Amino acid sequence: MHTTFSGSSRRPRQVNLSGRRGGNPFAPASSHGPPSALASAQQERERRQRERDRLNGAKVVQRYWRGYRSRASLSTKWRQEWDAIESQAGDRSQDRPYEQEGTAYGQVRLFLQFASLRSQQDQERLYKLLRRLSSSVNLDSGFASSGPWPMLYLRLQNLLLAGLDRTLDLKQPNRETEQLLFDSLAFTIDRISELTTRNAPQLYRTLARLIKQFSSSKGQSKVDPERLIHCTLVPLKSINARTTVMYASFAWHILTLEQLSKTPFAPRSLELLADGINYKLLANSLVEALSSTNPQKDEFTKDSRKMAFVLAYLIYFYRQAHRFNTSNMYSDDKDYMSSVSTLLSLVVAESVSKRSKRGHFEDDSEDFDLGLVENNSFVQEQVLSLVDSDSISSLLGNKSKEKPNDYSVSNGLDSDAKQLASFALTLMRFFPKKADDVRIALYRGSSTVFSANVDEKVPTIAYLWQAAKSTHIFQTICQNPDEVVPLLKAQTNRGYSTSSASAFRSSYTSEEIRDEWRIILVFFELYTFVLRLMDDEEFFSPAALTSSTSTSWASQNALPLQDVKTITVFLKNLGFSMYFDVLQLSEVEPHRERDPSVIGNYFSISARNQAESSTDEPKPQEPTVAGITGISMDYVKGIVTGLLRMLYERDSRRPFLPKGHWLMTSRLEMDGFISQVVQEDEKRHKIEEEDEDIGDPHSYEDEDSEDESQQLVGTSHSSNLRRQEKLRRQQRKYTRRKFLASVAPRLEILQNMPFFIPFQTRVEIFREFIRLDQLKRRGASDAETWGLIHSMQHPEMFRKHHARIQRNSIFEDAYEQFHPLAQGLKEPIQITFMDSFGNEEAGIDGGGVTKEFLTSITKEAFDTNEPYAMFVENEHHLLYPNPTAMEELKENPQRQAILAGDKPIATAASALLNRFEFLGRVVGKCLYEGILVDVSFASFFLLKWALTGGEGNAPKETSYRANLNDLRDMDEGLYQGLIKLKNYSGDTSDFGLDFTIVDTIITNYTTGKTKNITRDLKPDGANMAVDNQNRLLYIFCVVQHRLNRQPYSQTAAFLRGLSSMIKPSWLNMFNQSELQTLVGGTSSEIDVADLRRNTLYGGVYVIGDDGLEHPTIQYFWQVMEEMSDEERRAVLKFVTSTPRAPLLGFGSLMPRFSIRDSSSDQTRLPSTSTCVNLLKLPMYKTKAVLKEKLLLSVFSGAGFDLS
């Protein structure tokens, strides 16, 4: 029985078609034996198919052959007929005109039927036909102008274009043939200008080749250049459905040529082009061609060098149309502005790429070069003409005359704002050095767009603010901070469901999101500039409080305070995400490969360029905001950070926002926040230590700056290797910086937007950083133990940390003995004071850091009454570096001799700067040890501490941006004068000012003799008068000179010393007022209860087991409670040398506030040892005596010597 039994015991029949007997039917067939029926059938089928294919192929070949024979026969017949007719004209037929139009038409038509430019005989026939046809037309200007001729001319034009291309392909073209073909082409263009639009791409491609050929022929070409320009213009004069295509072809083939900007075409041919071009139609065509919806956009814009020429010619045509003035408003030419902005963005993109290839990833201080068109003054001149105050101001003219009921981006009324934002933002990014000129032009401009009265102007800042706050991006980020990252990356959410918070992104394209970002960024750029020029009175003016426009123009630039609050909410949410979510923002979208199915992609780049690009070093792709070219995340982060800091400083000086408004603790886990910050800092230091082999990229700048033209022959390879190595190092440094920011987001927030975190928390972090640094340098030893160990193990090093200081020359002695220590000053130092007789003073040192020394040295160094003072004070007795110190040194030989003896003045200048640096170290030492000093610095000077922005020794004040309000802390009189100049309603040229400034220096402190030095604020400033147009620039230059340039060397030296003791990143956590609190303590009232809780007692005053205080101690605290705050501060200064309490309370005062008995003599005065914060209080028997003696000692100036 079979396992597949079906009810029948009969074996089923098996049919085998394989030809095999038994075995596996699926095994491969053997070569032996009879073939199977199935295999035979397959072979027969294949044979029949091959036969059919052979027969079909033969039919195709025969059909093509018969067609060719037939065409060749007909062509031969037609040639014979054509030659027969031509022979009737005689031997001089090639110059003889046709007698009848019908004959001419027949000959042209017949020739086009058989013409083949591959045939030399047909080429000769063409030349003969063209000469006769030209002679015929010259006899009768109306000949062949209508009827069937136009279409015949169109076919002839195609043939002529092909003939010119073949001629231009020759290495040595026949100039007469070239001229004849061109003249005939010009003839057809004149005859059928409208039909010529059908041949637009081929026509302008050939004309472009003729222009290049003419420029390179060195006068050998016989083509008339003016007629060549004429041929390019004639088709453009016809207005029809293909006009846009004609202008686009004209732009991409003709306007991309550099030759038009040089002789022999410039300037005459350029003027002809400008006179014949309708720049509005050209701009409109460019807008369509550059539109993101155009599938050929990438092909058009792949060569940024060509785009630079298109941009330059477009600007030239516009300027020529307006006779090189700006009386006509740009706002009337929206297509022009849109195309200029887009083209400029493309050139910016290429410049960005070039800068990144050279390793300039972070430097935005220089204008984007036009190296892709270098040595072309025409392009430089045209592009630079965009940065013109009148041109920019005119953008604000002729806006909508009525205020819309519902102004929003979605209702289509934002086109003016989009146009202004795109153009202005591109200019500021392309020309960073001229960005302030753009901002000034916008600041001075006005608009009627939001005014019901067309004669009433409102500031540009108000116009941009209305546009910015109406954008969906602004409203969304204010309400939902979680949407910041998707909006910065222009993620539209199309194609999948969205939450209600991000619903608008599902209906917005990436381009619409980019438009909104441009509006917001331009507003921030301008508002930052306005705040730099706006004083507090204007910021809090009636216009800011009531939105009134009846005040001065300067006050009208102040936004209502409620609007400022809204701006801070947006900036807080945006700034927090840009720092905290940096890892998400750094993710670059994957590159989209070219579609291999599109054949045009195979020709979009030359083989040479492909080879070059393949050898390029891989470079990091810096993410951009919403994909906007040239607008990097770092750029926006800088704007947001700067603007937030400026608004925070305003609120710190004169609060206008609710308490706690700046904190962002709700978005952070504050439990364990300090430990997380410390971990991030340790992680960052570990990574930095691992990457120390990268080195300083600045050390390679000298190699890169070498003139390649002067390199020896055969050294180009080694030079390329050095350049690649430099690039590789810079790329690694850039990538490392990005990575460090991603691994330490809390640190980034603390250093850039510290006001998001409570001040108390930041102080605790600051002290923790210092504690860890001390632990790393000293181990687990305290200062006394460290000194004892090093005195035995490293006596030489220990001696360097010990100094003998004369009381009458504390600073100079300290400088001579401690300046060589550099960062070694962080270690504990030992001080021995010497009196005027050379004897050691008796006093308690505390066994470690000598607080008396530090307080004494700061008291002497910051004494402004001394001749040649290193620091000077303002009207409020706030200190800042003497801005004329270096100039006074040059004018005083005696001072030079004191500093450097008989050595050159450069040595004396270096010695003076070294003293500034040492003084910075001393202040840093006080901060490092937690010692408060009674010194108050000017706010603008403290700002430079927090904004040093440098690495290592902070060599540059890279982040500080001087503003008019800072000048008030230096020179109140100059500040008031500049305010009056800014708000002057008349003609400021009446003041007779120019772009110079006078520095007054003291040349002799004994006689008080002074000297005036006049300096230029701008190149050739003496010949630049100050007027209403440039007065803002003048004010800005004065502020920059007084706050930045004049005191630069002294300030940089001080900050270099300060940063060697305290890392700039630590100082970045505090603003100027908070830094002052770190240096000198809090200015709040003295908390007697807190002081009492944290006081130590010695001698008989030690509290016993009963827990009761000594009667004298009880009297002391009763007296302290009864004293005024001023008297309490005097007592505190008497004991600790500073009148202010520590930031974290008296529990953090080191050493602790202490009281011990000195005697029972009722006539003895209290004394102190300020170095250990010790009050030596006699055991007075009455409260009255204690109060009398204490106040007498406090206000008598007695101190250390009383001990």
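These questions and answers test structural labels against their definitions.

This is a predicted model, in which local features need pLDDT of at least 70, side-chain atom pairs count only at pLDDT 80 or more, and totals for chains, interfaces and linings use all residues. Residues are numbered from 1 along each chain as its sequence is written, and side-chain values use heavy atoms, with hydrogens and water left out.

Q: Why is Ser-291 called partly exposed?
A: Its relative accessible area is 24%. Buried means under 20%, exposed over 50%, and partly exposed in between (1.4 Å probe, protein chains only). So Ser-291 is partly exposed.

Q: Where is Ser-291 placed?
A: Ser-291 is in the loop between α10 (279–289) and α11 (297–301). Helices (H or I, at least four residues) and strands (E, at least two) are DSSP runs, numbered from the N terminus.

Q: What makes α19 roughly perpendicular to α25?
A: Helix α19 (residues 472–479) packs against helix α25 (residues 561–580) at about 75°, with the axes 8 Å apart. Roughly perpendicular covers 65 to 115 degrees; under 35 is roughly parallel, over 145 roughly antiparallel, and the rest oblique. Therefore α19 is roughly perpendicular to α25. Axes are lines fitted to C-alpha atoms, for helices over the stretch in contact, and angles run from 0 to 180 degrees between N-to-C directions.

Q: Which residues make the contact between α19 and α25?
A: Ile-473, Phe-474, Ile-477 and Cys-478 of α19 meet residues of α25 including Thr-566, Phe-570 and Asn-573. Contact means heavy atoms within 4.5 Å. The contact residues divide into eight nonpolar, two polar and no charged.

Q: How do you know that β10 and β12 pair?
A: Two strands pair if DSSP finds at least two bridges between them. Strand β10 (residues 1154–1157) and β12 have four bridges, in the parallel sense. Arg-1156 stands opposite Lys-1176 in β12.

Q: What joins β11 to β12?
A: Three bridges join strand β11 (residues 1167–1169) to β12, and the two run antiparallel. Ser-1169 has Leu-1174 as its bridge partner in β12. The two strands form a hairpin with four residues between them, and Asn-1173 in the turn has a positive phi of about 55°.

Q: What is called a nonpolar core?
A: It is a set of buried Ala, Val, Leu, Ile, Met, Phe, Trp, Tyr and Cys residues joined through side-chain atoms within 4.5 Å. The largest one here has 272 residues; Trp-517, Tyr-527, Phe-853 and Trp-945 have the most contacts inside it. Helix α21 (residues 510–533) gives the most to this core, with 14 residues. A second, separate core has 28 residues, among them Trp-1117 and Met-1123.

How values were computed: Nonpolar A, V, L, I, M, F, W, Y, C, P; charged D, E, K, R; others polar.
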